[in-house]
Each structure stands twice: as C-alpha cells, then as structure tokens.
Amino acid sequence: ADKATTKSGLTPLYSASGEGHEAVVRTLIADTRVDPNKATSDYERTPIYQAAWTGHEGVVRTLLSDTRVAPNKATTKQGQSQQTRPQARRKKKIQG
C-alpha cells in the first residue's frame with residue numbers, strides 16, 4: 001500500500017495527491033500501513049506538498065485531517081519547506 005512505484009520514489013498516495021483524486025487519498029490514508037509523510041526520493045516531496053503545489057485544495061484539507069500528516073516534515077534539496085515552496089510558485093495559499 002505504501003510501496004514506491006517508480007525509481008523517483010512516487011507512492012500511490014503521492015500520485016493521487018498530485019492528480020487531485022480526493023476519494024483515493026481518503027482511502028489510502030485510512031490504511032495505517034500508508035505513511036502520509038513519505039517523501040519522494042528525487043526531491044523529497046511529500047503528498048501534501050504535491051497537492052498544494054498542483055492546487056488541489058480538497059486533497060490538502062483531506063491530508064490535514066489526518067493527525068499523522070506533518071506539512072513541514074520534509075524539505076526540498078533547495079532547502080525549502082513543504083509550506084514555503086508552493087507559495088514561492090504563487091499558488092493560492094491553502095490554510096489548514
């Protein structure tokens with residue numbers, strides 16, 4: 001349920017978050033085997049980062065409803081937190 005599916009380390013939760021599949025995200029985070037903070041191996045991006053970066057507010061809110069989610073846990077290789085990088089791209093700020 002939490003196994004990366006690409007050499008970049010993309011998990012099913014990461015992919016669903018980035019594509020805006022809110023129902024899939026809900027199903028995946030309901031599974032305790034899924035780590036909602038698992039970052040990709042390429043740029044250390046987490047599912048909540050990807051959802052915010054791609055503008056999927058509903059997915060961000062769904063992820064934030066899980067107490068295990070730590071929005072600023074991983075950082076990019078450029079040293080930016082999960083919270084600041086989407087803002088740098090001028091995406092709509094999503095508040096939890």
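View 1. Of the chain's contacts with a separation of 6 or more, 63% are between residues 24 or more positions apart; a contact means heavy atoms within 4.5 Å. This is a predicted model, in which local features need pLDDT of at least 70 and side-chain atom pairs count only at pLDDT 80 or more, while totals for chains, interfaces and linings use all residues. Residues are numbered from 1 along each chain as its sequence is written, and side-chain values use heavy atoms, with hydrogens and water left out. The chain has five helices and zero strands, in the order α-α-α-α-α. Helices (H or I, at least four residues) and strands (E, at least two) are DSSP runs, numbered from the N terminus. The chain holds 96 residues, and 39% of them are buried. Buried means under 20% relative accessible area, exposed over 50%, and partly exposed in between (1.4 Å probe, protein chains only). The accessible surface is about 5,500 Å², with 48% belonging to carbon and sulfur atoms. Areas come from the Shrake-Rupley method with a 1.4 Å probe; for residues, only the protein chains shown count as cover.

**View 2. Helix H1 and its cover.** H1 spans residues 12–19. Its buried residues are Leu 13, Tyr 14, Ala 16, Ser 17 and Gly 18. The cover over them includes helices H2 (22–29), H3 (47–53) and H4 (57–64). Gly 20 follows H1. The phi of Gly 20 is positive, near 80 degrees.

**View 3. Ser 17 and its surroundings.** Ser 17 sits in helix H1. Ser 17 counts as buried because its relative accessibility is 0%. Leaving aside residues up to four places away in sequence, Ser 17 touches Val 25, Pro 47, Ala 51, Thr 54, His 56, Val 59 and Leu 63.

**View 4. H1 against H2.** The two axes come within 8 Å and cross at roughly 155 degrees. Axes are lines fitted to C-alpha atoms, for helices over the stretch in contact, and angles run from 0 to 180 degrees between N-to-C directions. H1 and H2 are therefore roughly antiparallel. Angles under 35 degrees count as roughly parallel, over 145 as roughly antiparallel, 65 to 115 as roughly perpendicular and the rest as oblique. H1 passes H2 in a left-handed crossing. A crossing is left-handed if the near helix is turned anticlockwise from the far one by less than a right angle, and right-handed if clockwise. From H1, Pro 12, Leu 13, Ala 16 and Ser 17 meet Val 24, Val 25, Leu 28 and Ile 29 of H2. The contact has seven nonpolar residues, one polar and no charged. Ala, Val, Leu, Ile, Met, Phe, Trp, Tyr, Cys and Pro count as nonpolar, Asp, Glu, Lys and Arg as charged, and the others, Gly among them, as polar.

**View 5. H2 against H4.** Here the axes come within 9 Å and cross at roughly 15 degrees. H2 and H4 are therefore roughly parallel. The crossing of H2 past H4 is right-handed. H2 contributes Glu 22, Val 25, Arg 26 and Ile 29, and H4 contributes Gly 58, Val 59, Thr 62 and Leu 63. By class, the contact of H2 with H4 has four nonpolar, two polar and two charged residues.

**View 6. Thr 27 on H2.** Thr 27 lies in helix H2. Thr 27 is exposed because its relative accessible area is 58%. Thr 27 and Leu 13 are 14 residues apart in sequence. Their C-alpha atoms are 9.4 Å apart in space.
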